[in-house]
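Dear colleague,

Please find the structure below, handed over for your study. My notes on what was found in it follow directly after.

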Amino acid sequence: MFHGRLADGHEVRHRSAICHRSSVDICGTHVNGWILLFVGMAAVTAKMIAIEGLDGSGKETQANLLCEALEARGANVASISFPRYGHPSAAPVEEYLRGHYGEHASDVNAYAASALFAVDRIGSYLGEWRRLYETSDVLIADRYTTSNAIHQLSKLPRDEWEGFASWLFDFELNKLRLPAPNKVVYLRTDVELSQRLLEKRYGGDQSKRDVHERDIGYLVRSHDAADWCAEWLGWLTVECVRDGEMRGREDVHEEIMAKAGFR
């Protein structure tokens, strides 16, 4: 078993399969949505699942639960999260999120900001997690290229969304040849509840929020962009809010397992 942390402090889990690799059929071969166009650009040696959602939606929690569930079935599972805080590849992203390139997210246009996050992904892929991708049955990503679609579309007029999304996925998955996710799970929450969770996370200290988190209007637009992406790209949407409160983590996990075809 390989169990450690990447240079950014994020945990990486990589366990050997209990059963023979050829007997594990976890994700199947059907991929919904436009992402399918990019799967054939490079040899797909692992199944990749991206977990997306607004801040406070429970991405890290659900990524961990999914890892544990698939490992219990004998799968060889690895996980990674973005941005890679503390790693050299993430330095431009950290500068952006801290407001060093402008105190508002809109001070850096959608294409420029996307390039910063892409540097983090390609740098870390070439330097480290490509090995995990190539040797795992499943790689679970807490945020991925799909996060750029959510957060950068919100800076653009609605009639430019499709063109930007096409450019983004072509840039990262075709031009940079990063692996394409086979499935994307979208943890849908609402902005008001997300804000309450962020208040709790930071103890009311607004200075701890990044340029995205402190702009409510930006987060509302990002929520709308996430809903649009989920429909346009065929993401697996899981409603995380019920009666104004977050659903239980196990309840959400069970729905993810069912919608992803693991039940």
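**Findings**

Helix α6 is followed by Arg-177, a residue whose phi is positive, near 60 degrees. Helices (H or I, at least four residues) and strands (E, at least two) are DSSP runs, numbered from the N terminus. Please note that this is a predicted model, in which local features need pLDDT of at least 70 and side-chain atom pairs count only at pLDDT 80 or more, while totals for chains, interfaces and linings use all residues. Residues are numbered from 1 along each chain as its sequence is written, and side-chain values use heavy atoms, with hydrogens and water left out.

**The chain as a whole**

The protein chain has nine helices and nine strands. Of its 263 residues, 54% count as buried; buried means under 20% relative accessible area, exposed over 50%, and partly exposed in between, with a 1.4 Å probe and protein chains only. Among contacts (heavy atoms within 4.5 Å) between residues at least 6 apart in sequence, 78% join residues at least 24 apart.

**The sheet**

Strands of a sheet pair through backbone hydrogen bonds, either parallel or antiparallel. Here, an open sheet of five strands runs in the order β4-β5-β3-β6-β7, with parallel pairing. Its edge strands are β4 (77-81) and β7 (236-239), each of which pairs on one side only. From one strand to the next, the twist averages 20 degrees. Two strands are said to pair if DSSP finds at least two bridges between them.

Strand β5 (residues 138-142) pairs with β4 in the parallel sense over five bridges. Within this pairing, Ala-78 has Leu-139 of β5 as its bridge partner, and Ser-81 has Asp-142. Strand β3 (residues 47-53) also pairs with β5 in the parallel sense, over five bridges, and Ala-50 stands opposite Ala-141 in β5.

How many residues of β5 are buried? Five of its five residues are, and the strand is mostly covered. Val-138, Ile-140 and Asp-142 are buried on one side, and Leu-139 and Ala-141 are buried on the other.

Helix α6 (residues 161-175) has 15 residues and reaches 20 Å from its first C-alpha to its last, close to the 21 Å expected at 1.5 Å a residue. That expected span is 1.5 Å times one less than the number of residues. Among the buried residues of α6 are Trp-161, Phe-164, Leu-168 and Phe-169.

Two packed helices are described by the angle between their axes and the distance between the axes. Axes are lines fitted to C-alpha atoms, for helices over the stretch in contact, and angles run from 0 to 180 degrees between N-to-C directions. The axes of α5 and α6 come within 10 Å and cross at roughly 150 degrees. The two helices are therefore roughly antiparallel to each other; angles under 35 degrees count as roughly parallel, over 145 as roughly antiparallel, 65 to 115 as roughly perpendicular and the rest as oblique. The contact involves residues including Ala-149 and Leu-153 of α5 and Phe-164 and Leu-168 of α6.

**Helices α5 and α8**

Helix α5 (residues 145-153) also packs with helix α8 (residues 216-233), at an angle of about 130 degrees and with their axes 7 Å apart. That angle makes α5 oblique to α8. Among the residues making this contact are Ala-149 and Ile-150 of α5, together with Tyr-218 and Trp-228 of α8.

**A buried loop residue**

Where is Thr-189 found? Thr-189 lies in the loop between β6 and α7 (191-202). Is this residue buried or exposed? Thr-189 counts as buried because its relative accessibility is 4%. Leaving aside neighbours within four places in sequence, Thr-189 is in contact with Leu-54, Ser-57, His-223, Val-241 and Met-246.
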